[in-house]
Amino acid sequence: MAERRIIVFQDLAEVMPEVERLVAGHSPAGNWSLAQICHHLGTTIRLTARPVPEAGVPTAQQATLRDGFFGLGAFPNGRASPAPFVPPEGLDLAKEAAALGDAIKRFATAQGPFPAHPMLGPLTGDQWHRFHTMHAAHHLGFVVPA
């Protein structure tokens with residue numbers, strides 16, 4: 001199995017060029033296929049692009065977790081995805097990559113208000129953007145270009 005890469009995205013607009021590069025040829029460095037990763041990322045981005053009622057103020061614990069998370073600058077390793085976000089096997093890569101691109105475009109035009117994160121609490125649009133760039137870098141690091 002290939003060795004995992006460290007990727008840093010500054011903007012969600014950087015994600016799809018990397019996905020397209022990987023679609024052209026890649027090796028896995030983790031448990032999920034590139035199609036599964038695209039599905040997972042697309043699902044999480046779509047969920048935050050829809051307007052919801054105002055999320056309120058984070059609790060002290062959420063604020064501490066949020067500040068630590070964003071202070072790391074990278075998605076933490078070793079955490080399992082919650083069951084509803086674990087992608088099925090046998091997905092079509094072209095379809096999932098296109099769906100991820102659509103989700104990113106939708107998020108780019110989302111006006112909010114944005115949903116709260118289950119652990120980090122209420123996040124602004126800018127915070128969700130940063131979350132998604134870190135999340136995409138984490139997962140796409142498990143795919144190595146050919």
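Hi everyone, this is a short walk through one protein chain, from its overall make-up down to a few single residues.

A word on the source before we start: this is a predicted model, in which local features need pLDDT of at least 70 and side-chain atom pairs count only at pLDDT 80 or more, while totals for chains, interfaces and linings use all residues. Residues are numbered from 1 along each chain as its sequence is written, and side-chain values use heavy atoms, with hydrogens and water left out.

Let's begin with the whole chain. Its secondary structure comes to five helices and four strands, where helices (H or I, at least four residues) and strands (E, at least two) are DSSP runs numbered from the N terminus. Along the sequence, the pattern reads α-β-α-α-α-β-β-α-β. The radius of gyration is 15 Å, close to the 15 Å that the globule rule gives for 146 residues, so the chain is as compact as a globular protein of that length. For the record, that radius is taken over C-alpha atoms, and the rule is 2.2 Å times the number of residues to the power 0.38. On its principal axes, the C-alpha trace spans about 45 × 30 × 30 Å.

How much of the chain counts as buried? The figure is 42% of the 146 residues, with buried meaning under 20% relative accessible area, exposed over 50%, and partly exposed in between (1.4 Å probe, protein chains only). The chain exposes about 7,900 Å², and carbon and sulfur atoms supply 58% of that; the areas come from the Shrake-Rupley method with a 1.4 Å probe, and for residues, only the protein chains shown count as cover.

Among contacts with a separation of 6 or more, residues 24 or more positions apart account for 85%, a contact being heavy atoms within 4.5 Å. As for charge, the mean positions of the 11 positive and 12 negative charges are 3 Å apart. Here Lys and Arg count as positive and Asp and Glu as negative, with His and the chain ends not counted, and each charge is placed at NZ of Lys, CZ of Arg, CG of Asp or CD of Glu.

Now, please find helix α5, residues 125-140. With 16 residues at 1.5 Å a residue, α5 should span 22 Å, and its end C-alpha atoms are 22 Å apart, which agrees. The expected span is 1.5 Å times one less than the number of residues. Why do we call α5 largely enclosed by the rest of the structure? Because twelve of its 16 residues are buried. Among them are W128, F131, M134 and L140, along with the histidines H132, H135, H138 and H139. The cover over these buried residues includes helices α1 (15-23), α2 (34-49), α3 (60-72) and α4 (93-109), plus strands β2 (116-117) and β4 (143-145).

Next, some prolines. P58 is in the loop between α2 and α3, and at 24% relative accessibility it counts as partly exposed. Leaving out residues up to four places away in sequence, P58 touches A63, R66, L120 and P122. From P58 to F131 is 73 residues in sequence and 16 Å in space, C-alpha to C-alpha.

P87 is in the loop between α3 and α4 and is buried, at 5% relative accessible area. Apart from neighbours within four places in sequence, P87 is in contact with W32, Q36, H39 and H40.

P113, in the loop between α4 and β2, is joined to G112 by a cis peptide bond, with omega at about 0°.

N31 is in the loop between β1 (26-28) and α2, with a relative accessible area of 79%. N31 and F142 are 111 residues apart in sequence, with their C-alpha atoms 8.2 Å apart. T64 is in helix α3 and has a relative accessible area of 57%.
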